[in-house]
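This report covers helix packing and the surroundings of a ligand. The sequence and structure come first.

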Amino acid sequence: MSLRRVFESQPHRRYIMFGGKGGLGKTTLSATAAFWLAGQGKRVLIFSVDPQASLSDIFQRDIFGKGPVPIVQNLWAEEVDADRRIREYQDEIRKKIRDMYGLDRVPEEIDNYIQAASAEPAMEESAIFDAVVDIIVKGDYDYYIYDLVPLGHALYYLSMAKVYDEWITKITKLREDMRQYDQMAATMRREKVLEEDQILNELIYIRDRINASSRILTDRAQTAFFFVVVPEEMIILDTKRAAELFARFDVPIAGYVVNRVLPRELIQASIPEYLRNRITMQDRYLKEITATFGSQILAYVPEMERDVTGLPMIERLAERLFGEASGPEGPEPAGGRGAP
Amino acid sequence: MTSRWGALRDLLYGMTGYEFARHAMQIRHELESVFMVVTMGDLIGVPVLPPYYSLRLLPYVVPQIETWKRHMVRRKELWEKPEYDLLEM
Ligand SMILES: Nc1ncnc2c1ncn2[C@@H]1O[C@H](COP(=O)(O)OP(=O)(O)OP(=O)(O)O)[C@@H](O)[C@H]1O
Ligand SMILES: [Mg+2]
């Protein structure tokens, strides 16, 4: 199967992630897939929580912290600015407190708490987490492409979803129990109406959103996670390990994409020695990759002559990746390199 | 409708209802303590709920925070009394 076939034959897999170690091409392939899908008439949002603003780099536009920014027809890109989100959130909370209690200003102790809580690293993590939940549960695009940060972080994020999910479910249950005792006491005192429990409502709201997003991201019918590998030493072993870990968190792995494959034809040309050596080396690792991942390999992506930035370059890569001759069955890689 | 329930309630309330209600409120009170720790634990240095969500609940517990914190501090003093300090023994 090719990457293109996966998209065409499994249209319900609308949540797309490319994962892998740092610098292997996750952002490049995410942007390329997003571009191609948009060209197929799908409404696509590519988003990232990476403070490095790598989408701004690849699309050569400043989109950081600006919400979904239109890139080409049907394609929007969004980079979440976590710090700004936290600042705005703090203000919302302060305003809510003032409004609820008719105060001119938030009591000092409470405000200190708001500030202290916001300075913690856990605040940034949970704010980012919530930003992703927010984007995912809205569901108004045909495709969501989540441009992940390197593996460790991605795994961390997905495990966090599980932990948050369990926590919020337990805390909501606790609150519901409290509510039952309130109810009991109220009945005994012949009080007919129990005031609505706003905290419980908030908890249910949070719980349902977290539940929904973690359900989506672990559902093979809706989500496709592609591993990016390159023909280099250590990558294969690392990727195998990561895949095992991911499987434990129910990450729906959809296949592997081999990036940065040097064109083999070069070997006939007069090329510098080091390049010849690299091609020979890649040959060895490509054999290993095919032996390890076999039919789960969906594409061999060529090494381009320079970094992939800007739309014309993305378009060219999309042609190579999704064109008729693409995919491991395609004439180029299968007849050339990497095939068993 | 009301009559049967009313009768039962009157019976319970009349006999043991008052105590029953008090008991329910007592449990409710203890759960409240647990709830405050798991949601606002940060305030006393025991972070449990991710802070982003903890802040979301904060406005609703503003009036409770003072008493609750005092309550927790009292407990802490109790445990920190020398006679309770196992390490010294
Ligand atoms: N097939 C390719 N041909 C040429 N350059 C490539 C190719 N794939 C990726 N690159 C380049 O490699 C660099 C790293 O790629 P990219 O940013 O996509 O990796 P990443 O996995 O997203 O990195 P990070 O882990 O830092 O997020 C970029 O400069 C990109 O242009
Ligand atoms: Mg990246």
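In H2(A), A:Thr28, A:Leu29, A:Ala31, A:Thr32, A:Ala33, A:Phe35 and A:Trp36 touch A:Leu311, A:Ile314, A:Glu315, A:Leu317, A:Ala318, A:Leu321 and A:Phe322 of H11(A). Contact means heavy atoms within 4.5 Å. Eleven of the residues in this contact are nonpolar, two polar and one charged. Here Ala, Val, Leu, Ile, Met, Phe, Trp, Tyr, Cys and Pro count as nonpolar, Asp, Glu, Lys and Arg as charged, and the others, Gly among them, as polar.

H2 spans residues 26–39 of chain A and H11 residues 311–322 of chain A; their axes come within 9 Å and cross at roughly 80°. The two helices are therefore roughly perpendicular. That label takes angles of 65 to 115 degrees; under 35 is roughly parallel, over 145 roughly antiparallel, and the rest oblique. Axes are lines fitted to C-alpha atoms, for helices over the stretch in contact, with angles from 0 to 180 degrees between N-to-C directions. Helices (H or I, at least four residues) and strands (E, at least two) are DSSP runs, numbered from the N terminus.

## Model and conventions

The model is predicted: local features need pLDDT of at least 70, side-chain atom pairs count only at pLDDT 80 or more, and totals for chains, interfaces and linings use all residues. Residues are numbered from 1 along each chain as its sequence is written, chains are lettered from A and ligands numbered from 1 in the order written, and side-chain values use heavy atoms, without hydrogens or water.

## Ligand 1

An oxygen atom of ligand 1 lies 2.7 Å from an N or O atom in the side chain of A:Lys26. A ligand nitrogen atom is 3.0 Å from an N or O atom in the side chain of A:Asn259. The protein covers 81% of the 630 Å² of accessible area that ligand 1 has on its own (Shrake-Rupley method, 1.4 Å probe).

The shell has five nonpolar, six polar and five charged residues. H2(A) gives the most, with three residues.

## Helices H6 and H8

H6 (residues 121–138) and H8 (residues 198–217) of chain A have axes that come within 9 Å and cross at roughly 75°. That makes H6(A) roughly perpendicular to H8(A).

Terms used
Polar contact = N/O pair within 3.5 Å; in protein donor to acceptor, adjacent residues only side chain to side chain.
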